[in-house]
Structure formats: structure tokens, C-alpha cells
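Subject: Handover of a structure and notes on what was found

Dear colleague,

Please find below the structure that I am handing over to you. My notes on it follow, and I would be grateful if you read them with the model open.

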Amino acid sequence: MARAMATFSVCIPSYNAETVIGATIDSLIRQTFTDWECVVVDDGSTDRTESVVRAFDDPRIRFFKNETNLGYPGNLQRCRDLAKGTFVYFLANDDILSPHALQRTYEAFQIAPDIAVITRPYYWFQNNDPAVAIRYTTPLDPQEDRIITADDDDKTLRAIFEVMGQVTALAFRNEMFTEPINPHVWPAHIQPFLEILKTRRGVFMHDYLIAVRLEHSQARTVPKIYDPSPLWTWVNMMQSVFDGARWSRQRKTGIDNIARHVEGLVQLRKYSTLKCFVREAWFYLKYRPLNALSPRYWFFAVGCLATPPGLLRKLVDRLMPMLTKAQAANIQTIGATK
């Protein structure tokens, strides 16, 4: 007998994740909401990712392997195309879910029948310890879930844009998820979310339901993802999604918001080439001329340029918890996995 369509299709795009994907799937199996299927699509890994996934004795987990490497956007699109559940729920192959993540997301969709997308705050962890937050984003409202639209005020829009950087726990009502994935790495999952939000309502959940792992991120391990420019691809996506006079406010707010984040230069200097770093520094001026008057911009631009990448990596990894004050924020973390 064919299995009934699951409520959630949890989509995991994977690549060379043998050391981390087991913990990710463990966190999925521990969900209090159990009506899900897991679609793991491997993008031609050269390690034991497939063996780790297939070792889970759970019929809800389906494994697929691409014949050729599609890259992150293409693999994410294939995950989405294979999802058959009522809701599509993305999960990066190295992140950890709270046991209540799917239940809370389901409840958010039940707020109203026209809710099409769900977003959330999140925090980062390192050293295999999701019980300790080292950096975090903030919810729109720390006390309750909030309904959102693309016509909300600029403060709300900025809060939405701030939590779009990570794919994990972005959720979509499958029948309304008709927009394609963006072809560039950085805005791949963001474009369909914002396109849907232009015509449908969403929910911004208030609690921390996901922990994002730092060490395994492609942002640290795959330098080629910085070309084309992360900032340019974000700006290009904003211009595409919010094209025309009708969306001029949203477009300007989105571009200004991403171009304010001059601390992004630190990541470029640590993990990309000098050429990419210089190009990115110029784009921060091009897309937000006010940065030229900002001491903060020059601190990051000149300071990063003058610091060797290896030294910068050591300094940032050591100082980040103190600078972000994440542990003082009283975030309710998920807890260490054993």
C-alpha cells in the first residue's frame, strides 16, 4: 500500500557531509511532530554521506543522488521538486533542529489558511555544541509569532531580510511554492520566499528552533562561492523580485539593508581571494554610497585588508562570542547532541 502524503517534506540538500549529517537527521527523528518525509538529495559526494544516511532504519527517509553535480541552487531545486508533502521544509545538512521545530511550524501554518511561508530567528554554534550560541539573529517579536507581508513597514521588512541568510527551517505551503530557486548560491532560497510574500501572507515565528553549525559551512570551505559577488547577487535578486514602481520602497529597503552589513568584508577576507575582497569593498560603496562616510565601513575595509587571512580567522573565531554577546542574550538553545 502506498504511503499517504506526509504533512512535511523535510528537504536536505547534501554534499560531503558524512561527519555532520548524522546529527542533523538525528535531530529530525527526535521531532515531536512525526508526520514527515525526509528527502535527502546528494550532489555527488565523494565521502560516506550516502552510507551515513542509508544507515538510518526509517522508511520516512528517502535518499537520492544526482548523476552530476548541480551546485547548491540546482540541488536545492531538485529537493523542492521531489517534495510531495503539504509543506516544504528546508534543512541544511549540518544544522540541528529543536525537537519542537516541526510542531511549532505546523502551528504557525494553522494561524490562517492563506499562510504560505514561515520564517524564524536562529543562532550559530561551533565545536559540535548547539547548547552554546556564539552569534544570533533576532525575532520580529520576542513574545509571539507575527503575520508578515511584503507591504509591512520598513522596520519589519528589515527584520525579515535579516533572517533570510540561512535556509534551514524556511517553510513553504507546497501548493503555493511555484517560484523557482535563484541560480546563485547566496539568494537561492530567498528569492522564492520573497516572491511568494508579495502576494501571500507569512509568519515570523518568535522562538529559536534551529542551531546553525559554523565549521562545515561552504562559506568557510568553498572559496569559489564568493564569485560572483555575494553582495551583487543579493542586490540583483532584490531588483528582480521587487521590480517596478509598485515595489520601489521594498527594493530600496532590501538593498540598503544588505549593503549596511559591511562586516561581511571580514568573511570575504578570511575565506576568499584578495581580488574578491577588493571587488566586494567597492560594491559596498556602489550600492550604498553613504558607506563612504561611515567610520565603520573604513574600519572593516582597511582593517581586513591590512590583516593576513590566517590571523583574521584566528582573531574572529576567538573574539566572536565576546563581540556578539550571544551567551548574555539568554537564548533558549537546543542542547548538546550526544
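A residue is called buried when its relative accessible area is under 20%, exposed when that area is over 50%, and partly exposed in between. Asp 256, with a relative accessible area of 17%, is therefore buried. Please keep in mind throughout that this is a predicted model.

Salt bridges

Which residues form salt bridges with Asp 256? One partner is Arg 158, and the N to O distance in that salt bridge is 2.9 Å. This pair joins distant parts of the chain, since Arg 158 belongs to helix α5 (residues 154-162) and Asp 256 to helix α9 (residues 248-260), 98 residues apart. Arg 158 has a relative accessibility of 22%, so it counts as partly exposed.

Another partner of Asp 256 is Arg 260, with 2.6 Å from N to O. Here both residues are found in helix α9, four residues apart, which is about one turn of the helix. The relative accessibility of Arg 260 is 41%, and Arg 260 therefore counts as partly exposed.

A further salt bridge connects Asp 141 and Arg 146, whose closest N and O atoms are 3.7 Å apart. Is Asp 141 buried or exposed? Its relative accessibility is 15%, so Asp 141 counts as buried. Arg 146, in turn, has a relative accessible area of 32% and is therefore partly exposed.

Salt bridges also link Arg 104, Glu 107, Asp 145 and Asp 207 in a network. The count of salt bridges comes to 19.

The nonpolar cores

How many residues make up the largest nonpolar core? It has 108 residues, and those with the most contacts inside it are Tyr 89, Phe 172, Phe 193 and Leu 194. Helix α11 (residues 274-287) supplies the largest share of this core, namely seven residues.

Leu 194 may be examined in more detail. Leaving aside residues up to four places away in sequence, Leu 194 touches Phe 161, Met 237, Met 238, Val 241 and Phe 242.

On the α11 side, the contact is made by Leu 274, Phe 277, Ala 281, Trp 282, Tyr 284 and Leu 285; on the α12 side, by Tyr 297, Phe 300, Ala 301, Cys 304 and Leu 305. By type, the residues of this contact are eleven nonpolar, no polar and no charged.

Leu 265, Val 266 and Arg 269 of α10 meet Tyr 297, Phe 300, Ala 301, Cys 304 and Leu 305 of α12. The residues of this contact comprise seven nonpolar, no polar and one charged.

Yours sincerely,
A colleague

Key
Residues numbered from 1 in each chain as written. Predicted model: local features only at pLDDT ≥ 70, side-chain atom pairs only at ≥ 80, totals over all residues. Heavy atoms only, no water. Core = buried A, V, L, I, M, F, W, Y, C linked by side-chain atoms within 4.5 Å. Buried < 20%, exposed > 50% of the residue type's maximum accessible area, 1.4 Å probe, protein only. Helix = DSSP H or I, 4+ residues; strand = E, 2+ residues; numbered from the N terminus. Contact = heavy atoms within 4.5 Å. Nonpolar A, V, L, I, M, F, W, Y, C, P; charged D, E, K, R; others polar. Salt bridge = Lys/Arg side-chain N within 4 Å of Asp/Glu carboxyl O.
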